[in-house]
Amino acid sequence: MMSESTDDPVGKGDASINDPLLSTPAARLMALAMGTGTRVFDIPTARSVGLAGLVGVSSDKNGEPQGSIGLTDDLDDDLRADVLAFGLAVLVGTPEVLAESPDGILGISRQRLPQADNGPGNLAWHMLQTCGRESPSTTFRLMIIQPDE
C-alpha cells in the first residue's frame, strides 16, 4: 500500500496548476512556464509577420541557459495557450532542434498543422488537456528566422 506524502502538493491538489485564480488554460500554462523558469514575453505583431511566436534558449542574468518563448501580442486566449504549450513542448521534448538552428531561436508559424501523433505537438496536446483545453491541433511548423537586412 502506498502512503500519501504530506510534502507532495500535487498529490493534495494544491499545485499551482490547480490554483482557482488560474481560470484559463493560458493562465495555467503561464504558471507552468514560470515554475520551470521559462521566460515568456510578448512580441509586437508588426515585428512578427506570419509568426505566432518564437521559441529558443537564451541566458539568464547569471549566464545560465534559460528557455524563452515569445508570443505575438494579437493572439486570442485559445491560440495563445496552444502556441505556449507547443513552445514548452519544444523546449522540453526536442531541444536539439534549437541547437541546430543558427542562433538557437526558431519561429512558430501561425498556421496549425494536422495534429501530430508524436513529438512536441503531441506533448503540447497532453499539456493542454491537463490544463482543461480541447484544441483542434497543437502542432505548428517551426521556422528558421531570417535576420533583418
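Modeller: In this predicted model, D76 caps the N-terminal end of α2, with a side-chain oxygen 3.1 Å from the backbone nitrogen of D78.

Biologist: Is α2 mostly covered or mostly open, and how many of its residues are buried?

Modeller: Helix α2 is mostly covered, as 13 of its 17 residues are buried.

Biologist: What span should the 17 residues of α2 have, and how far apart are its end C-alpha atoms?

Modeller: At 1.5 Å a residue, α2 should span 24 Å; the C-alpha atoms at its ends are 24 Å apart, which agrees.

Biologist: Which strands does α2 lie across?

Modeller: Helix α2 lies across β1, β2, β3, β4 and β5, and it runs at about 155° to β3.

Biologist: What is the strand order in that sheet?

Modeller: The order is β1-β3-β2-β4-β5, in an open sheet of five strands with mixed pairing. The edge strands are β1 and β5, each of which pairs on one side only. From one strand to the next, the twist averages 25°.

Biologist: In what sense do β4 and β5 pair, and over how many bridges?

Modeller: Strands β4 and β5 pair in the antiparallel sense, over four bridges. As for individual positions, I108 stands opposite L142 in β5.

Biologist: Changing topic, how many salt bridges are there?

Modeller: The count comes to five salt bridges, taking a side-chain nitrogen of Lys or Arg within 4 Å of a carboxyl oxygen of Asp or Glu. One of them joins the side chains of D42 and R80, at 2.7 Å from N to O. That pair links distant parts of the chain, since D42 is in strand β1 (residues 39-43) and R80 is in helix α2 (residues 77-93), 38 residues apart.

Biologist: What is the relative accessibility of D42?

Modeller: D42 has 48% relative accessibility and therefore counts as partly exposed, because that class lies between the 20% and 50% limits.

Biologist: Which residue does R110 meet in a salt bridge?

Modeller: The side chain of R110 meets that of D74, again in a salt bridge, with 2.7 Å from N to O. R110 lies in strand β4 (residues 105-112) and D74 in the loop between β3 (65-72) and α2, so this pair ties together parts that are 36 residues apart in sequence.

Biologist: Why are R110 and D74 placed in the partly exposed class?

Modeller: R110 is partly exposed because its relative accessible area is 30%. D74 counts as partly exposed because its relative accessibility is 41%.

Biologist: And which residue forms a salt bridge with D82?

Modeller: R133 does, and the closest N and O atoms of D82 and R133 are 2.7 Å apart. D82 lies in helix α2, whereas R133 lies in the loop between α4 (119-130) and β5 (140-144), so the pair ties together parts 51 residues apart in sequence.

Biologist: Are D82 and R133 buried or exposed?

Modeller: Both D82 and R133 are buried.

Biologist: Which residues are linked in a network of salt bridges?

Modeller: The network links D78, D82, R112 and R133.

Biologist: One last topic: where is T139 found?

Modeller: T139 is found in the loop between α4 and β5. T139 is buried, because its relative accessible area is 9%.

Biologist: Which residues does T139 touch?

Modeller: Not counting residues up to four places away in sequence, T139 touches F86, R112, L113, P114, Q115, A116 and G121.

Notes. Residues numbered from 1 in each chain as written. Predicted model: local features only at pLDDT ≥ 70, side-chain atom pairs only at ≥ 80, totals over all residues. Heavy atoms only, no water. Helix = DSSP H or I, 4+ residues; strand = E, 2+ residues; numbered from the N terminus. Buried < 20%, exposed > 50% of the residue type's maximum accessible area, 1.4 Å probe, protein only. Expected span 1.5 Å × (residues − 1). Polar contact = N/O pair within 3.5 Å; in protein donor to acceptor, adjacent residues only side chain to side chain. Pairing = 2+ DSSP bridges. Axes fitted to C-alpha atoms, helices over the stretch in contact; angles between N-to-C directions. Contact = heavy atoms within 4.5 Å.
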